[in-house]
Amino acid sequence: MEIRRTVPVKLDVSDSAAESLFATFAEFRFAANLVVQRARNDDGYVETSKQRLHERTYAEVRDRTDGLTANLVQAARSRAADAIKGVVARWSDGEYAELPTFTADFAEYDKRSATFHDDRVSLSTVDGRVEAEYVLPPETDGTPFAEYVENDAFDVAGATLHHRDGAFYLHLRAKAEMDDPEPAEHPSVLGVDLGIENLAVTSTGRFWSGGLINHRRDAYERVRGGLQQTGTESAHRTMQSIGDRESRWADDLLHNVSKELVQEAVEHGCSTIVFERLNGIRSRMPKAKKFHTWAFHRLFEYVSYKTEPFGIDTVQVNPAYTSQRCSMCGHTARNNRTSQADFSCAKCGYTLHADYNAAKNVGLKHVRAGQKSRSGRANRQLALKSGTLNTSGEFTPADTVSARAGVHRQAHDFSHG
C-alpha cells in the first residue's frame, strides 16, 4: 500500500535566486497556458491525454520559452493536462466551465529538476540551478517535516514551489510503501451524506453543519460584488486577495472536517467510508453552487488520503432515492421527506432527521451491493451511533461492536492530517 503526504516548507531565498525563480514562474505559466490553448481541436474536441498533448506541444513550447528545461516543460504540460481533465469532467456533469488559465506563481518539480537535501533544496531555473535552505524550527520532532520528510520510510519524490504573501514555499510530496493492514474480522461501513444545510452527516449520527461555510461564502460574495461594481484595478487586486483568503479558509475547514470524519470511522471500527457519487451533484441539489461542488470533491479527496494509514477504503455509490427511502423498512416515496430537515415514513411511521436517514441509506447501498468484505471473510455491516446493522436487518449493540473492533479502536494522532 502506498501512502502519500504533502508537507509545506518555507524557503530562505536570496534576492538573486528570487529573480531566477520569478522568471521561471513566468515561463512555466506561459508553457502551461500554451498547452491549454493547443488542447482544443478545430472541431471543438478538447484533448486530455498527456501523451498526445506532449506530442502536440512539446516542440513549440521548447521553441517559445526562454531557458525552461525539458523537465519543467513536461511538468507544465502535465499540470495543464490535469487541469483540462477537471474542466472536461465538469462538462460531463452538465456544468459550465471555461478551459483553465494559469495566473499564479508556481512551478512543479521532480527528482530530475530538483535535488532534495535534509536542510535545503536545489532547484532548476531558467538561469541554471539555485539553492534555498528550509526554514525550520530548532526542533522538528513531532512536526510533519520530521514525520514524512526526515523519516527514512518516506521518499520525497517531487514538490510544487509557490510564492505567496511575499515568501517562497515548497510543498514537498513524500511517499512510502507499507504493508496492507489486516482486514477487520467484522467490517463495518460508515455512510456519509453531503448537503448544503449540513456539510456532512454520518450513519453514526455525527453532523457537520454547513452554516459557517455558507455564511462566510455569502459574506465574501457580497464584498466581491461591491468591488466588481467599483471596477478599478485596485478593486480587482483586492478581489483576488479575498478569493485567495477565502480558499485558504475553506480549505482549512475541509481539512478539519475530513480529519474528524476519518476519526469517526476509526472509532467505530469501520473498514470503508461510503459517499454518494459526486458526478452531477449540482443537478441533484438545486441550491448547490459551484463552490459547494468544489467543497464536496475536496472533502472526498482529503478523506481518501487521510484513510490510507488505517487501511480504510473510500468509495462512492449511486445516490438515487437515498433521500426518499426509509432506512428502517425500505419504503421509498417522495412524500417521505416532509421538509428539508424532517423524514417521516408514510408506511411504517419511522421519523428522524432527513440527512441522517440519507446517510444510513448511502451506507446501506454499499452494504447490500457487496454483501461480503474484500477479504470475503465476513458480511459487511452498517455503522450506527448505537451499534451496527447487517443486511438481514439484525442489530448488534455498540458494546459488542466495540469488543469486535479491537485494533481499529486504537488511539491515533490526527494532528498532522
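Student: What share of the contacts in the protein chain with a separation of 6 or more is accounted for by residues 24 or more positions apart?

Tutor: A contact means that heavy atoms lie within 4.5 Å. In the protein chain, residues 24 or more positions apart account for 63% of the contacts with a separation of 6 or more. Please note that this is a predicted model, in which local features need pLDDT of at least 70 and side-chain atom pairs count only at pLDDT 80 or more, while totals for chains, interfaces and linings use all residues. Residues are numbered from 1 along each chain as its sequence is written, and side-chain values use heavy atoms, with hydrogens and water left out.

Student: How is pLDDT to be read, and what is its mean for the protein chain?

Tutor: pLDDT is the predictor's confidence in each residue, from 0 to 100. Its mean over the protein chain is 82, and 79% of the residues reach 70 or more. Over residues 371-378 pLDDT stays under 50, and the model has 19 contacts beyond four places in sequence for them. Over residues 400-417 pLDDT also stays under 50, with 35 such contacts in the model.

Student: How many helices and strands does the protein chain have, and what percentage of its residues is buried?

Tutor: Helices (H or I, at least four residues) and strands (E, at least two) are DSSP runs, numbered from the N terminus. The protein chain has 10 helices and 17 strands. For burial, relative accessible area is used: under 20% is buried, over 50% exposed, and in between partly exposed (1.4 Å probe, protein chains only). Of the 417 residues, 46% are buried.

Student: With what is phenylalanine 168 in contact, leaving aside its neighbours within four places in sequence?

Tutor: Phenylalanine 168 belongs to strand E7, residues 167-177, and counts as buried because its relative accessibility is 6%. Its contacts beyond those neighbours include Val9, Leu11, Phe22, Phe25 and His163. Aspartate 12 is 156 residues from phenylalanine 168 in sequence, yet their C-alpha atoms are 7.6 Å apart.

Student: What describes a pair of aromatic rings, and how many aromatic pairs does a search of the whole structure find?

Tutor: A pair of aromatic rings is described by the distance of the centres and the angle of the planes. Rings of Phe, Tyr and Trp (its six-membered ring) pair if their centres lie within 6.5 Å; planes under 30 degrees apart count as stacked, over 60 as edge-to-face and the rest as tilted. The search finds 8 aromatic pairs. One of them joins tyrosine 134 and phenylalanine 145, edge-to-face at 5.7 Å centre to centre with 70° between the planes. Tyrosine 134 is in strand E5 (residues 128-135) and phenylalanine 145 in helix H4 (residues 144-149), so this pair ties together parts 11 residues apart in sequence. Phenylalanine 275 and phenylalanine 300 have ring centres 5.2 Å apart and planes at 90°, so their pair is edge-to-face. Both phenylalanine 275 and phenylalanine 300 are buried. Ring pairs also link Phe22, Phe25 and Phe168 into a cluster.

Student: Where does the charged end of arginine 164 sit?

Tutor: A charge sits over a ring if NZ of Lys or CZ of Arg is within 6 Å of the ring centre and within 35 degrees of the ring normal. The charged end of arginine 164 sits over the ring of tyrosine 169, 4.1 Å from its centre. Lysine 360 has its charged end over the ring of tyrosine 356, 5.0 Å from the centre.

Student: What span should helix H8 have?

Tutor: The expected span of a helix is 1.5 Å times one less than its number of residues. Helix H8 has 17 residues (290-306) and should span 24 Å; its end C-alpha atoms are 25 Å apart, which agrees. Among the buried residues of H8 are Phe291, Ala295, Leu299 and Val303.

Student: How many disulfides does a search of the whole structure find?

Tutor: A disulfide is a pair of cysteine sulfur atoms within 2.5 Å. The search finds 0 disulfides. Cysteine 329 is in no disulfide, and the nearest cysteine sulfur, that of cysteine 345, is 3.6 Å away. That distance is too far for a bond. Cysteine 329 counts as partly exposed at 35% relative accessibility, whereas cysteine 345 counts as buried at 3%.
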